[in-house]
Amino acid sequence: MKATGAATGASALGLGATGSVAAEIDELDARLLNWRNVEAKKVWDRGYRGRPDRTLALTDSGISARHPDLGPWNGITAVIENDELLLVDTEKSNRKIEQIGSQITDFRTGTAGPGTFVEGSEVTTEQFVPSEVVENELEASGEPVQLGAELYWEPYQDNTNDLELRLDIQGDDGTWSEVATAATADMPETLSGVDIDADATYRFVAEQYTNTNCDFRINLSLSEVTGKLKTVDESPFAALDDGSDGPIPKTVGWYDAGSRYGSYDKPRDSNGHGSHVSGIMAGSGRASTLDYQNTELKEPRALLLPGDFIEYEVDIGAASTVFVSGLGENVKIEIIYDDEVVHESPLRLDSIIADEPAVHDSGTETYTIRVRPMESRAAVPVAQQAQNGNPTTGRLKKIAIGSYIPPADVAEGGARTADGPQAVHPGIAPNASLVGLQGLSGPTVDLGEYAAQFAKTFNMRAVNMSWGYVFGLPLGAFGGTLDNTPAALKKIAEAGILTVAAAGNFMTPANGNSVPAGMDEPISVAATGPFDGLTPYSAGGLGTIDEDETDVDRKPDVTAPGGDIDDYLVRFATGVAGLPYPIPSYDELVRSVRAADPEENFEDGDPPRDFTSFGGTSMASPYVCGISGLVAQAMEEDAPEPITLPTPEELADMPDADALQWTYRLKQVILATASETAFTAAPYHAAKTPAHVPVYTHGGRDPYEGFGRANPDTAVDAVSRNLLNETPDLGDKDLSESYRESVGLYIPEDSRAVAGYVQVPGGDLEASIEFSEYSGGNAGMAKGDPHLDLFVYDAEEPAANGAPNIVASARGEQGSASVSVSVDRGSRESPTERTFFVVAKIVNVPGVVNGYDVQANFDFDVGFSPAAAFGPKIVDFTASGSRSDDGSVFTGGQTNQITVTLSEFNTDLTDEAKVFGEVPTEWNVITEYGDAKATKEVDGRTRVTLARDGDTTVSASEVKGDKTVSFSYFAEAPDTVDATGPYTLGPARAVAVDPSVDGDGEVGSEEAEVGAADTNVVIGQGT
């Protein structure tokens, strides 16, 4: 590589040190790589990367499994037929959806307006029956199973005339309910692949989003099914068990709700949004692993005046990708090949990654990397200029230039494996598998209807929904119908699947007015920029009405990195659709997978490997969905028993209420470990979102950021880190542990909170934090002790709808806080055992905010004093049963079969009992056969230990209800002349057993008679 400079700024300052070894790149400032990597790596280093036999799903525009970060695909397509989820081999199936006849243009027409969605204004059309339409209007034959429709209107204007299309079905009682909706704010509004009942009655509805007056028309098409499906018997995870040397499938399921038998019979993404979301959530990073041998780090620390630029050169193979990452302000990066700019990316608030697949076809070629100031800033209004300093001068601090390893050479590396190379664009849970469900509300409803089958078939842990439509407060449900998506969300949660949803990009203080994010079951996620400032477009503020139209749910729940777009705010504030000057973006956007054109063909081994940038709550939501995959893994593998997450199959088979509780337990972990940013991100909130700046709530829900910024490392630690290092018992020793912890503002490297769990019986729990000192390069800027908050949450019993259940808390406004929790020991029959999360969070460091290199170090102490153990229990042991002989008169040497039956015993003292027989010492007990195991002399008589198959104990469950346990043993009458006479045999006895006692485990005199004694006569020999 070589570097060149131009004009005064670069040449005057010169170029800094360079390096090319992996160690130097590893020590690179984290901002030169993907910020999300750094946060996720804290969890990966703890051993949690998601599991390939567990999936994260999404309802979205699709998924491009041809991209190496999202593939390969295992070839399995999911289809719902006859109320059953089937796995289909599309290569061997010939099932198709074919249109019946031609499209019926102007099928329904009408006039709409004036009206708005706030008023619930709508126009209903004449009802119709699909089978009758086929027969009478198409004059064709066929069984219509799907419907397509287009809504046009005139005049068409974005801001004044906008209609939405809805399809309703009439029930047996004459009422109407919604089937499908199209609400894209574009014309035409289009419904495609809507499943229908050929003989049901339907109607179209033109809903007025904002409308003065217009004429509308609806086109209709009907389709039938032809051909057959070929199902597969193997599990979606079969590749994990067959010992194959090939790559592990990443996308393990594909469901196309637009056409249940496959508009795309393979995972495809015509929009690109779903692929971007998938990559953020669980991309493997195989396509973006650094080639250390071809990457250099430089530190020019150059001031770039107008006309200045710095250029570098890098040699790239045809199967690789150019990689550039830099730190600075007000500069742009261009990737140039053959004198043509093939990629341009502005360096935003702090950093940006520019990467572009090689555009040459073969061999190795040289690409030029040019960095120059963003001179177009001169045209930006003064208010915008003030946010980022001088509008014409750029500064480049550090830059890394190089390439990625070709995906085919990465194998299973990247972030997906612990020993893989560094990946620049992995997902949060890179080892989790993906299930793509194409469509928005359609597949959501289907997933709800068949949630248990999806959960068990695909081991589904969570589903991301980066979409939504207006619903609820302050608007409420309207129009005479209620969308069935909210009810589907509850069904999904009742199958143990957590939904994570984007709060919405409404650019309004009113938040949560969308489905799915506004409902009570999902986690609603608002977006932040790189320093946790709320983005200007994130919705926030109010609540929503759920599917019952009675309960008000406050939203959002948390925030997460979603990127920022400055000109979004300018365009909205001015109300101008297109500005006369370029407005570059200055804040970090989220980089992830770019989908290939679904119709594009390319050679095997040369998959698309490109990445792109987006901003939005759509990007923040999959970040949190990825966190849920990591936390679910930690809960399943390492959490204590009360919060050990059952398998997806176990959850799906549970009663709905029980599985819903587990969904809320998982949800609570993420919400409880989030940290407030009212102070730490204060200037970034104020600069971007003056209309909705969060306030400090001490663990409560702020109307704009919910419970705060989601923290993956803290969430995983909460369920996997035992702060006491053991589980105490009643009456046992006191336990205490001390930790040296650090939270800070130098994000993403610093943690914002620390956490762990304690599992305790009755007794007293104490926790405290005490600030010790600051560290970091900017530590001297702090103007006082930090504000650190301390919380104890009930890990087993979340608050309503999975909100954090605070048991105790304290504000550490001067850097110290302590809490105590007393746990009642319960009763002997029902002793108490509680599991708590203990979480310490940074709230404020006076004088500095996020982005400064400041860490607050503190002592974190946790202790527990158990209550006294329960003393000896004084109870009468009782039992009942019977005893019988097989005769009453015996000759000398004759064998007597004795039967003892135990029917019940008192379980207050024990859960197990032993049974004994008793005979005079003159009688000979035969132990070779029967249930007599052993004998011993007790008080001048022979006690017989009875056993079944060697087991001397009877459990309480064996004699529960009408059940009994019987024993038979044999004894010979004495065989002498002087033995003639009466003998008392019995009684039989049950003895309480204490398993903790060594030896035979008998509890002293705690015994009860279970069969009365009787008298038998013996006639001796010669008598």
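This is a predicted model: local features need pLDDT of at least 70, side-chain atom pairs count only at pLDDT 80 or more; totals for chains, interfaces and linings use all residues.
Visitor: What percentage of the residues count as buried?

Guide: Buried means under 20% relative accessible area, exposed means over 50%, and partly exposed lies in between (1.4 Å probe, protein chains only). Of the 1023 residues in the protein chain, 57% are buried.

Visitor: How many helices and strands does the protein chain have?

Guide: Both are DSSP runs, numbered from the N terminus: helices are H or I with at least four residues, strands are E with at least two. The count is 16 helices and 57 strands. Take helix α5, residues 273-282. 10 of its 10 residues are buried, so the rest of the structure largely encloses α5. Among them are H273, H276 and M281.

Visitor: In what order do the four strands of the open sheet with antiparallel pairing stand?

Guide: Two strands pair if DSSP finds at least two bridges between them. The order is β38-β43-β40-β41. The edge strands, β38 (753-761) and β41 (806-812), each pair on one side only. From one strand to the next, the twist averages 15 degrees. Inside the sheet, β40 (residues 787-794) and β43 (residues 833-844) pair over eight bridges. L790 stands opposite A840 in β43.

Visitor: Which strands does helix α14 touch?

Guide: Contact means heavy atoms within 4.5 Å. Axes are lines fitted to C-alpha atoms, for helices over the stretch in contact, and angles run from 0 to 180 degrees between N-to-C directions. Helix α14 (residues 656-672) touches β40 and β43, and its direction makes about 30 degrees with that of β43. Helix α16 (residues 712-720) lies across β38 and β43, running at about 15 degrees to β38.

Visitor: What is the order of the open sheet of three strands?

Guide: The order is β46-β57-β54, with mixed pairing. β46 and β54 (981-985) stand at the edges with a single partner strand each, so one side of each has no neighbour in the sheet. Five bridges join β54 to β57 (residues 1014-1019), and these two run antiparallel.

Visitor: How many salt bridges does a search of the whole structure find?

Guide: A salt bridge is a side-chain nitrogen of Lys or Arg within 4 Å of a carboxyl oxygen of Asp or Glu. The search finds 41. In one of them, R51 joins E636, with the closest N and O atoms 3.5 Å apart. R51 lies in the loop between α3 (35-44) and β3 (55-60), and E636 in helix α12 (residues 617-637), so the pair ties together parts 585 residues apart in sequence. R51 and E636 are both buried.

Visitor: How far apart are the closest N and O atoms of D653 and K456?

Guide: They are 3.0 Å apart. K456 is partly exposed, at 34% relative accessibility.

Key. Residues are numbered from 1 along each chain as its sequence is written. Side-chain values use heavy atoms; hydrogens and water are left out.
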